[in-house]
Amino acid sequence: MSNLDARQLAQRVDTVLDILVAGDYHSAINNLEILKAELLAQASGEQEQNSAQPKSPWEI
């Protein structure tokens, strides 16, 4: 099960938007890359957990 906190994610996106409005594109892109890496790492962990479960015949 995902332990993604939607409020925290929204706050981080809002921070990136504030940085963009301020005109600091490099920092905004850097923050988005960090956020993307964290989300992908979390999704990868979920995939590993799901792959450990035996698959049903229709999931082949």
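Tutor: What follows starts with the patch, then turns to the helices and the contacts between them.

Keep in mind that this is a predicted model.

Which residues form the nonpolar patch? They are Val-13, Leu-17, Leu-20, Tyr-25 and Ile-29. Together they have about 460 Å² of accessible area. H1 gives the most, with 3 residues.

Take Val-13 as one member of the patch. Val-13 is found in helix H1. Its relative accessibility is 37%, so Val-13 counts as partly exposed. Patch residues need over 30% relative accessible area, and Val-13 has 37%.

The protein has 2 helices and 0 strands. It has 60 residues, and 7% of them count as buried. Buried here means under 20% relative accessible area. The accessible surface comes to about 5,200 Å². Carbon and sulfur atoms account for 57% of that surface.

How many salt bridges does the structure hold? It holds 1 salt bridge. The side chains of Glu-38 and Arg-12 meet there, at 2.5 Å from N to O. Arg-12 lies in helix H1 and Glu-38 in helix H2, so the pair ties together parts that are 26 residues apart in sequence.

Last, the chain ahead of H1. Leu-4 lies in the segment before this helix. Leu-4 has a relative accessible area of 45% and is partly exposed. What does Leu-4 touch, not counting residues up to four places away in sequence? The contacts are Leu-9, Leu-39 and Gln-42. Gln-42 is 38 residues from Leu-4 along the chain, yet their C-alpha atoms are separated by 8.5 Å.

The salt bridge joins the side chains of Glu-38 and Arg-12. Leu-4, from the segment before H1, touches residues including Leu-39 and Gln-42.

Technical notes: Residues numbered from 1 in each chain as written. Predicted model: local features only at pLDDT ≥ 70, side-chain atom pairs only at ≥ 80, totals over all residues. Heavy atoms only, no water. Patch = residues over 30% accessible without salt bridge, like charges linked within 9 Å, V, L, I, M, F, W, Y side chains within 5 Å. Areas by Shrake-Rupley, 256 points an atom, 1.4 Å probe, with all protein chains shown as cover. Salt bridge = Lys/Arg side-chain N within 4 Å of Asp/Glu carboxyl O. Helix = DSSP H or I, 4+ residues; strand = E, 2+ residues; numbered from the N terminus. Buried < 20%, exposed > 50% of the residue type's maximum accessible area, 1.4 Å probe, protein only. Contact = heavy atoms within 4.5 Å.
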